[in-house]
Amino acid sequence: MPLDLKALVRSIPDYPKAGILFRDITTLIEHPEGFREAVERLAETHRGAGITHVAGIEARGFIFGAGVAIALGVGFVPVRKSGKLPGETIGQNYALEYGVDTIEIHADVLGAGDNVLLIDDLIATGGTAVAAAGLLRRTGARVAHAGFVIDLFDLGGAEKLRAMDVAVEALIP
Ligand code: HPA
């Protein structure tokens with residue numbers, strides 16, 4: 001019997017502000033079998049797809065993405081908030097509810113012939129994931145697969161990624 005991963009995610013009302021029900025994955029990752037099963041299921045979905053790199057989105061995408069990269073036997077690419085990577089970077093702006101933010105990758109990390117699996121803990125409106133997929137593609141790499149632990153599907157992010165020809169899998173729909 002597979003574990004009920006949904007039962008291991010805690011929902012916290014009114015965080016970070018009133019009216020938001022926050023899905024908190026810290027309860028999942030502190031559960032050893034739950035954490036391992038989440039990582040293995042994310043990897044399993046994309047095994048055989050010729051993935052060459054896993055890209056994880058800062059910060060919670062690092063937690064799951066690193067495990068998925070190890071499970072698939074490929075390298076890990078951190079997609080970071082601006083100003084954090086030491087080498088030459090390329091960046092992508094994206095809209096927040098109020099204002100804009102920027103994500104970055106190292107300029108020399110990927111190229112044509114690479115096939116990237118994008119991982120994050122959760123997809124909501126998809127702003128960051130869409131920006132990350134676009135940024136990764138600017139290197140010439142293929143970005144046709146994405147995996148999330150949780151898809152808040154009514155917020156439409158997964159549909160935006162699918163509209164970019166990215167196959168999206170979520171463990172908790
Ligand atoms: N949990 C974590 N991150 C999020 C959420 C959530 O419920 N909604 C949007 N980003």
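Guide: Helices (H or I, at least four residues) and strands (E, at least two) are DSSP runs, numbered from the N terminus. The model here is predicted: local features need pLDDT of at least 70 and side-chain atom pairs pLDDT 80 or more, while totals for chains, interfaces and linings use all residues. Residues are numbered from 1 along each chain as its sequence is written, and side-chain values use heavy atoms, without hydrogens and water.

Visitor: Which residues surround the ligand?

Guide: A residue counts as near if one of its heavy atoms lies within 4 Å of the molecule. Here the ligand is surrounded by Leu21, Phe22, Arg23, Arg60, Leu122, Ala124 and Leu152. β2 (21-24) gives the largest share of this shell, three residues.

Visitor: How many of the shell residues are nonpolar, and how many charged?

Guide: Ala, Val, Leu, Ile, Met, Phe, Trp, Tyr, Cys and Pro count as nonpolar; Asp, Glu, Lys and Arg as charged; the others, Gly among them, as polar. The shell has five nonpolar and two charged residues, and no polar ones.

Visitor: What lies 2.8 Å from an oxygen atom of the ligand?

Guide: A backbone N or O atom of Arg23 does. Arg60 places a polar side-chain atom 3.2 Å from a nitrogen atom of the ligand.

Visitor: Where does the ligand sit?

Guide: In the largest pocket. Sitting there takes more than half of a molecule's atoms within 2 Å of the grid points. A pocket, on a 1 Å grid over the protein atoms alone, is an open set of points where a 1.4 Å probe fits, with protein on both sides within 12 Å along at least five of seven lines; lining residues have an atom within 4 Å of a point.

Visitor: Which residues lie closest to the centre of the largest pocket?

Guide: Phe22, Arg60, Leu122, Ala124 and Thr125, out of 31 lining residues. β7 (115-123) supplies the largest share of the lining, four residues. By class, the lining has 17 nonpolar, five polar and nine charged residues.

Visitor: What lines the second largest pocket?

Guide: Its lining includes Lys6, Arg23, Asp151 and Phe153. In the whole lining, six residues are nonpolar, one is polar and three are charged.

Definitions and conventions:
A polar contact is a pair of N or O atoms within 3.5 Å; within protein, one must be able to donate a hydrogen and the other to accept it, and residues adjacent in sequence count only if both atoms are side-chain atoms.
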